[in-house]
Amino acid sequence: MGPGKIHNKKGMNVSFDQKAGITSRREFMQGSLAVAGTLLASQMDGVAASAEAKPKRPNLVFFFGEGQRANALSIAGNPIVKTPNQDRIAREGIRFQNAFCTNALCAPARAVALTGMYSRSTGALSNEHLNVPLPSDIPLFTDLLREAGYEVAILGKVHVRNGVEERYWDYYFGHNDPGNNYANPFFKEGRRGKIGPQKQYHNIYPDDLTVDRALAWLEEDRGDKPFCLLVWFVAPHEPFFRPRRHLDLYRDGTVIPKPATFDDDLKGYPGKPKSFADAQNKIGTTASHPAVGSLEGMAKDYYAGLVAVDENIGRVLSYLEQKNILDDTAVITGSDHGYFLGEWRLFDKRLMHEPSIRVPLAIRYPKRIPAGTVRDEMVLDTDLAPTFLDLAGVAVAANLQGKSVLPLAKAPDPSFRKEWYYEYYEWPNPEAVRPHRGIRTERYKLIHYVEQNEFELYDLVVDPGETQNLYGQPQHQALQQDLLDSLEKLRTAIPERKVPENLVPNTKTETKGPSEGA
């Protein structure tokens with residue numbers, strides 16, 4: 001190659017003035033580095049601008065309790081059960097003091113949480129037909145999150161149509177039963193959309209095993225993909241068995257308070273309709289429920305199970321904290337329904353009375369929720385799915401019937417929800433609780449036992465214990481009619497999915513089947 005020439009990458013000769021030395025080698029290198037630096041800075045600015053435009057999506061963790069009453073938390077003033085980890089979520093985020101379920105029964109309530117739709121609209125009405133999948137045209141919020149790039153996992157007590165096994169899960173470790181074998185539990189495990197056969201595990205408490213597997217899954221490498229983890233507990237479902245470490249809990253003389261209405265059965269259940277009085281959900285007299293032989297024993301076992309649940313929630317929080325991702329994770333804790341602990345001498349749920357329909361709900365995500373926020377607006381289980389999508393920045397599907405509660409983290413909204421619809425369908429059932437529907441406003445509640453055409457009406461401000469049935473009293477006729485009209489408007493406004501006849505709860509014959517989860 002002659003002086004004053006170089007070859008470019010295509011082998012072409014390029015002339016330059018060697019004497020002038022258009023550039024020296026040192027100058028050439030310095031110039032090249034300057035240009036590269038400018039390009040890199042430009043690219044980094046673009047990345048930064050993109051990051052500002054699309055902030056990193058949060059991880060999501062959803063702890064779903066089994067029959068945990070709204071007041072079964074120490075932060076809610078319960079003097080017996082201690083729940084420091086759930087208290088922390090509530091204290092460092094937002095706590096809702098008026099959260100409710102719309103069908104107080106395990107399987108349908110879980111379907112509501114996953115779909116954001118009323119039982120009436122999904123056709124998942126009861127605990128029956130557990131091998132029949134949810135309609136394929138109804139997406140779960142986890143389906144939508146996965147389409148948006150999340151890895152999704154569900155673990156624990158799934159207990160919903162077909163265990164949602166037909167949906168795609170990056171990880172699955174669940175059981176589709178109301179309860180489980182507390183000593184030697186059963187689970188199915190699966191990955192990447194394929195679920196394996198049921199296996200039995202020995203000498204381990206089911207919720208402990210669930211969280212063991214959840215932590216193992218969290219430890220797996222998923223790159224930069226966010227995750228959505230559902231940890232759904234089975235405790236304290238009947239028969240309320242405790243983990244070994246808590247067999248001595250509450251043996252220190254702890255006294256279980258007797259509810260003011262516990263002995264109302266001895267008075268003929270004043271003001272209550274026959275549908276209420278005839279239900280077989282009474283403590284101490286139900287042959288198929290040996291675990292509810294006494295209020296004292298049932299309540300202590302119930303609370304001990306919740307202590308174990310809270311410990312397992314703490315294990316997950318500790319892991320997230322150790323990995324320095326707790327504040328990058330939105331943590332939600334709630335429950336499928338409430339539970340009677342002796343009010344009117346009742347156990348279980350199903351009925352539309354406050355202990356059964358009230359649930360705890362708290363969300364911790366400091367990037368969008370100020371610590372110490374408490375709200376009194378009425379929020380529902382239909383709001384869970386839209387809230388998860390809102391947290392993830394995913395568009396809320398048009399079919400969802402709830403709404404995100406996140407705006408309430410910024411400011412109270414008295415107009416958020418003024419009234420809502422409740423309906424319980426299952427018949428026959430082990431507790432002989434009759435199907436009923438109702439409306440709850442901020443002040444009033446009307447319950448209609450459909451087949452018997454019986455009613456209850458309460459002023460919840462004057463009578464929060466629901467002891468004074470106002471239905472049929474002349475001075476409340478205008479209120480009564482207004483609530484009946486509003487109930488019908490709410491019912492007809494919710495689309496009803498046509499359910500095949502073989503899947504409709506039988507309203508004509510009764511059964512003497514075993515208790516749920518026995």
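This is a predicted model: local features need pLDDT of at least 70, side-chain atom pairs count only at pLDDT 80 or more; totals for chains, interfaces and linings use all residues.
Which residues have the most contacts inside the largest nonpolar core?

**View 1. The largest nonpolar core.** Welcome to a core of 47 residues, where Leu 60, Phe 62, Phe 96, Phe 141 and Leu 145 have the most contacts. Helix H10, spanning residues 384–392, gives the most to this core, with 6 residues. Look also for a second, separate core, which has 34 residues, among them Tyr 201, Phe 227, Val 316 and Val 331.

**View 2. The surroundings of Leu 60.** Setting aside neighbours within four places in sequence, Leu 60 is in contact with residues from several parts of the chain, including Leu 145, Tyr 150, Cys 228 and Thr 329. Phe 388, Leu 391 and Ala 392 are also among the contacts of Leu 60.

**View 3. Strand E6 and its partners.** Here is strand E6, residues 151–157, with 7 of its 7 residues buried, so the strand is largely enclosed by the rest of the structure. Strand E10 (residues 227–232) runs parallel to E6 and is joined to it by 6 bridges; within this pair, Gly 156 stands opposite Trp 232. Strand E7 (residues 171–175) is also parallel to E6, with 5 bridges between them. In that pairing, Ala 153 has Tyr 171 as its bridge partner.

**View 4. Stepping back to the chain.** The chain holds 12 helices and 19 strands, and 55% of its 518 residues are buried. Among contacts with a separation of 6 or more, 68% link residues 24 or more positions apart. The accessible surface comes to about 23,000 Å², with 53% belonging to carbon and sulfur atoms.

Methods: Residues are numbered from 1 along each chain as its sequence is written. Side-chain values use heavy atoms; hydrogens and water are left out. A nonpolar core is a set of buried Ala, Val, Leu, Ile, Met, Phe, Trp, Tyr and Cys residues joined through side-chain atoms within 4.5 Å. Buried means under 20% relative accessible area, exposed over 50%, partly exposed in between (1.4 Å probe, protein chains only). Helices (H or I, at least four residues) and strands (E, at least two) are DSSP runs, numbered from the N terminus. Contact means heavy atoms within 4.5 Å. Accessible areas come from the Shrake-Rupley method with a 1.4 Å probe; for residues, only the protein chains shown count as cover. Two strands pair if DSSP finds at least two bridges between them.
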